[in-house]
Amino acid sequence: MTAPPAGRIDTQGPVVRTTAGAVRGFWREGSAAFLGIPFAEPPVGPLRFAAPVPKAPWEGELDATKMGATPQRGGDGGTSLIPEPSVKGDSTLNVNVFSPSPSPAPDAALPVLVYIHGGGYFSGSPASPWYDGQAFNRDGVVTVTISYRLGFTGFGHIEDAPANRGVLDWLRALEWVQENIRAFGGDPDRVTIAGQSAGGGAVLRLLGMPAAQHLFRAVWCMSGATADVPLDRARGISKRLAALTGVAPTSQGFGSLTPAKINHTREEATYPEGTSQIDRLRGVLGLGLSHGPVLDGELLTQTTVEAIAAGVGADKLLVLGATDDEFTMATDGYRGKLRFVPAGLALGRVIGLRGPERRPYLRANRDVRRKGTAAVLGHYATDRIFRTLVPRVAIARGDAPTWVYRFSWVSPPKGWSCHCLDVPFFFDCLDAERAEKLVGEDPPAALVDAVHGSAVAFARTGDPGWPAWSQARGTTRVFGGPASAPDVITNGYAEVAALL
């Protein structure tokens, strides 16, 4: 995006008055951008591990022409598939608003898309150029991206601090949207929340959370990764982190540590020194993610799927799906070593997949077996972490309005339909920084129109444009499949049935 030079307010930019004060953004082609608007006080000092506190009013106009601070402190995101810059500063709880019509006029009550970034609940950044809402603005949708506390700061167990601080940040940000989005031309009654990876898990978690039901009407989940960390596991990691750093497991103890120190020690607290990569993989596949929303018994009392199966969020509209090979490329480096190892043996002895599941799973994935054992292991990790969640949630929803998709187009540079590949198609930002590394030099324009167009239609009308799974179980929209294959198939997730 094009912003005014750093340190200078665009005096010709649009001004919008929020509940806390006026913000001045900047115009660009066809829309306006307002960056780094605080929705809560900076989470520093006594507020570092507290619930978010609404931002106190300010005088004058707040400069909203550059990205706000981000919780991420691990560099510029250069190792991530998505460029996710780290912005220094204390006021890390902020939103970016992109609007084609920043006006409170009734006739400008546009649908709203609120996007939650991914990153495993411990990294990522809302400042990514991939998350710019300009294309959605072009198509009449106000877009908001939000920040939240990450890793241990957002989700770690602390004896005398509220649990799920990152979740409380999501709720506070969505409350800010309800309070302010009309001033930016949006309709608070037409909010769709969307996210990818951990962000996809976040929107599913919100869908199954009674406390969030008044904050949105629809959900779009891309490659959702839920956490649902058991309380005992969260406590155990916290105690090990405290022991490794020599502090008490309290707000004061952890508050004496820098974010960098906590981030550096978090991995060792989760997986003791000497834990092999295979054991780490087994841990993720068996226990799930180590950081993220915790089943604290108060705010979150059930797993995401359990809450959805109990009917929470049944009145909300839901679209969810995954790429065909989220993490398969992660095992490409083992092709030579595993060349002569049978896939069944690797799944059984290395991963621990039992025979009653292993045999039907291999039968259903013959096409992957032809690509070698390394591909089978990567595909299995993809299915266990991401793709099984899609039918599990769709089945749990019953008759609640649910649409399912697969993203099958293969990245020319990566050789797989990999994790994050669908994000630039969703945002219609194929010319954004580093997108070419995933989508190649000549991505299909028709696929952009299909994915982004479906997202726009869903935000505007509540219908993405293909038959619902909830009307005919198994119905799946395939984005980017073979030209000779139908766009909608009747059993799109048959390959993971043995794992459900």
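This is a predicted model: local features need pLDDT of at least 70, side-chain atom pairs count only at pLDDT 80 or more; totals for chains, interfaces and linings use all residues.
Residues are numbered from 1 along each chain as its sequence is written, and side-chain values use heavy atoms, leaving out hydrogens and water.

Helices are DSSP runs of H or I with at least four residues, strands are runs of E with at least two, and both are numbered from the N terminus. Buried residues (under 20% relative accessible area, 1.4 Å probe, protein chains only) of helix 17 include L447, V451, H452 and F458. G462 follows helix 17, with a positive phi near 85 degrees.

T475 sits in the loop between helix 17 (445-461) and strand 15 (476-479). T475 is buried, at 9% relative accessible area. A polar atom of its side chain lies 2.6 Å from the backbone oxygen of A472. Leaving aside residues up to four places away in sequence, T475 touches (heavy atoms within 4.5 Å) V404, P467, A468, W469, V488, I489 and T490.

Now to a helix pair. Helix 5 (residues 231-245) and helix 7 (residues 259-270) pack at about 120 degrees, with axes 9 Å apart. Helix 5 contributes I237, R240, L241, L244 and T245 to the contact. From helix 7 come K261, I262, T265, R266, E268, A269 and T270.

Key
Buried means under 20% relative accessible area, exposed over 50%, partly exposed in between (1.4 Å probe, protein chains only). A polar contact is a pair of N or O atoms within 3.5 Å; within protein, one must be able to donate a hydrogen and the other to accept it, and residues adjacent in sequence count only if both atoms are side-chain atoms. Axes are lines fitted to C-alpha atoms, for helices over the stretch in contact, and angles run from 0 to 180 degrees between N-to-C directions.
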